[in-house]
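Subject: Structure handover

Hello,

Here is the structure we talked about. Please open it and keep it beside this note as you read.

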Amino acid sequence: MCKNVLGILAGIWLLQVSAALPPWADHGWIVAALALGMLALCGRMNGRKHAARVACVVWVSGLAAAVVAGYGYAAWRADSRLGDALDEALEGRDVQITGHVASLPRDDGNGVRFEFESDCHESASEACAGTPTRVLLSWYRGFWGDPRTARAVPVLQPGERWRLTVRLKRPHGSAVPGSSDYEAWLLERGLRATGYVRSGERLAADDGGFMSRVHRLRGRIRQQFEAKLPDAPYRGILVALAVGDQGAIPPEQWEVLRRTGVQHLVAISGLHISLVALAVGGLCVALWRRVPWLALRCPARLAGALAGLAAAGVYALLAGLGIPVRRAFVMLAAAALAMAARREMSARNVLALALLAVLLADPWATLAAGFWLSFGAVATILLTMGGRTVPARGWRAAVKLQLAITLATVPVLVALFQGFSLASPPANAFAIPLVSFAIAPLVLLAAIHPADWLLDLAHTLTAWMMSALQYLSSFPFALREQPLPPTWLLAVVVVSAVVLILPRGTPGRFAALAVFCGFLFWQPERPRQGDFRAAVLDVGQGLAVHVQTANRDLLYDTGPLYGRDSDAGERVAVPYLRARGVGRLDAVLVSHDDADHAGGLESVRARIEIGEIVAGGASAVPEAADTPGAVRDTPCVSGLQWRWDDVDFTVLSPDALSGERRGNALSCVLRVRGAGGVSLLLTGDIESGGEERLVSRHGDGLASTAVLAAHHGSRSSSSAAFVAATRPKVAIFSTGYRNRYGHPHPRVLARWEGVGARNMRTDKAGTVLIEAQGGKLTASGWREIAPRYWHGR
């Protein structure tokens, strides 16, 4: 059974990393059915005696049939979900949809975010043509930071029916190496468009749906917690444990949890669901055995399993039945049903059955970090506890188990998050029991009976726990960051971790230890002397460019602000730099002080060591108190130049005495020139006046191999004279998808094409990766390098 389930897992995973769906995807269920038939035939043949060669062919054929079955099933499900798409002609236009609020609304300070399910799944009317069933909407109080656009937002309740006028766009997110895939996240949740509300009319208070009533109950519990703990600093953690809403946990607390490796404790998942099931199931068994006539009619063990499953189901509903919770409940249900069927199954077969159930319910689960971490942890427990003639007991067993789980999850954590916590074993040693047996039970009791003393005690215990975690996270070695490894290296390290977990005496353990230790010090290849590498990051409507030489790193601009608590530095630039193994920036050059260029600076300063800040614009960049080490602030003026690893960096603009006062005109223009004359020109937001001065001063000396088009391709820049003087092979536009400015302008695109340049846009190509090597320059988009079938759909 295990082999077949692993084969189905491999098939589903292969589909999820494919660039396109197979042409027969709409009939994938037929392919899956035929493959399952082949699998059944191979299973019957396995039960008979055959020659070794025939047995090997049957085994391989069965595994191949399982892979094809998984691939076909996933293709069919993906084709069905992608079919529920927003018509491209409706993007950016006012569309009226009628339906109900389908989730617990979340207020982020600038508006309310919620899922909305339209009535289109029940109707085939013309009004539904081209609109998906489920969308993710935001109802803004106005443009962020602009009080002139302020407006009131109604209080939304789950289940309320509304007629909304919205503007939608197809799923789109940043495509950046090392960053999470927002489009995949939307696809897994069935959210086939995003947008914002322009106006709305409430039609009814309740549509009567079951999940709507559940979400309203969750909302009431959240309100009760907020009312009883109005100023409590750790209220967000208690709300997360009760109803699964993590929106109230501030970023600084998330950072502490991340650095100590205990963030899984505040995300309701397998641990919490299993503990509720064990507590209720164990109590049921104890009581059941005390009533003889019940024990005679139904085994206490079966009654406990079913009671525990029912309790876990209630908790899963209270947590909102999100994807991770659903996955954990399916795992538990598979084990409980196997017990209910009174079949004696080995632990590994129960795990395989749970894995199969999760994959059938959610074939996109393989895209989620929680899937690999949860199943990997359970598999590690089975490997650690089994196969020993004298198993460890007591605290030794607990320590051994914790160390084994930490070891096994390191490759997964590095692949998904580019780092792992060295403070995780001691932090989890006290945090797991405290949350599992004290804080979480108190929170659940408070959700049922909202007594003040329950919440006060839970908050006090949480405060003690967070104080200890903050102490652990303060150590420099608490979190070890690792660059993103190649797939082949990751596979080798996973095998070495498995070998290390196996019982003592397993062949190859010393070799596995050497491989694992070598992995911890692996670094990606850097450019050679005289060459450079650049990445125009897909930050939306803004700019951030990473330039790397043989031994130095520079960040040109840091991207835009996304909201009150979010910016491109935290969400895009820092994850990318970590994936590339960059722990220190020798310089950050801020072209000017507009928010779409300097908005992520503070996040970068707080997380990455910086050697020097070169500041353009009308004002100097303020010093940050928490910047590691001394940071020198250098004004960016024409004539400033330096040389790193035989690569020349030259500032061409602005002049120190230009007299300009506008931020765009003061943009810092930087030219990077490597061996063989290959060059990259970074222009910030200069406009036609600044371009004219550059042309008059440098003339043909502006010629560059690649140019970052000024001001995101605005028609106020990229003048004909400037384009003719630079004559690049590649013109790059850093623009947001369907941005409200219409960047890049069609005339600007045509102007660059007219001199033979290849236009590359971050909203279409994703992050643009430039490689200047041996006097030649190549440019490619991340969506070309790592395409997925859901991109653009």
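Axes here are lines fitted to C-alpha atoms, for helices over the stretch in contact, and angles run from 0 to 180 degrees between N-to-C directions. Keep in mind that this is a predicted model.

**A helix pair**

Two packed helices are described by the angle between their axes and the distance between the axes. Take helix α12 (residues 347–361) and helix α13 (residues 369–385): they pack at about 170°, and their axes are 10 Å apart. So α12 is roughly antiparallel to α13. Which residues meet? From α12 come A347, R348, L351, A354, L355, V358 and L359. From α13 come F371, F375, V378, A379 and L382.

Now look at the loop between α12 and α13, where A365 sits. Is A365 buried or exposed? A365 counts as buried because its relative accessibility is 0%. Leaving aside neighbours within four places in sequence, A365 is in contact with E188, R327, V358 and F371. For a sense of scale, A365 and G583 are 218 residues apart in sequence. In space, their C-alpha atoms are 31 Å apart.

**Another helix**

Helix α17 covers residues 487–501, which is 15 residues. From first C-alpha to last it reaches 21 Å, close to the 21 Å expected at 1.5 Å a residue. The buried residues in α17 are L489, V493, S496, A497, V499, L500 and I501.

**The cores**

The largest nonpolar core has 52 residues. Those with the most contacts inside it are F225, I273, I439, V443, M466 and L469. Several helices each supply at least two residues of this core, among them α5 (210–228), α8 (270–288) and α16 (452–473). Which helix gives the most? That is α15, with 10 residues. L469 touches V256, L257, T260, V262, A427 and F430, not counting residues up to four places away in sequence.

A second, separate core has 34 residues. W642, V651, L680 and M760 are included in it.

**The sheet**

Strands of a sheet pair through backbone hydrogen bonds, either parallel or antiparallel. Here, 7 strands form an open sheet with mixed pairing. Their order is β19-β20-β21-β22-β23-β24-β25. At the edges stand β19 (641–644) and β25 (758–761). Each has a single partner strand, so one side of each is left without a neighbour in the sheet. From one strand to the next, the twist averages 15°.

Zoom in on one pair. Strands β22 (residues 679–682) and β23 (residues 706–708) run parallel and are joined by 3 bridges. L682 stands opposite L708 in β23.

**Backbone exceptions**

Most residues other than glycine have a negative phi, and most peptide bonds are trans. Here are some exceptions to find.

- S653 and P654 are joined by a cis peptide bond, with omega about 10°. P654 is in the loop between β20 (647–653) and β21 (669–673).
- The bond from H743 to P744 is also cis, with omega near -10°. P744 lies in the loop between β24 (730–733) and α24 (746–754).
- H711 has a positive phi, near 55°, and is not a glycine. H711 lies in the loop between β23 and α23 (720–726). With a relative accessible area of 15%, H711 is buried.
- R727 has a positive phi of about 45° and is not a glycine either. R727 is in the loop between α23 and β24. At 42% relative accessibility, R727 counts as partly exposed.

Best wishes

Technical notes: Residues numbered from 1 in each chain as written. Predicted model: local features only at pLDDT ≥ 70, side-chain atom pairs only at ≥ 80, totals over all residues. Heavy atoms only, no water. Helix = DSSP H or I, 4+ residues; strand = E, 2+ residues; numbered from the N terminus. Expected span 1.5 Å × (residues − 1). Buried < 20%, exposed > 50% of the residue type's maximum accessible area, 1.4 Å probe, protein only. Pairing = 2+ DSSP bridges. Core = buried A, V, L, I, M, F, W, Y, C linked by side-chain atoms within 4.5 Å. Contact = heavy atoms within 4.5 Å. Parallel < 35°, antiparallel > 145°, perpendicular 65-115°, else oblique.
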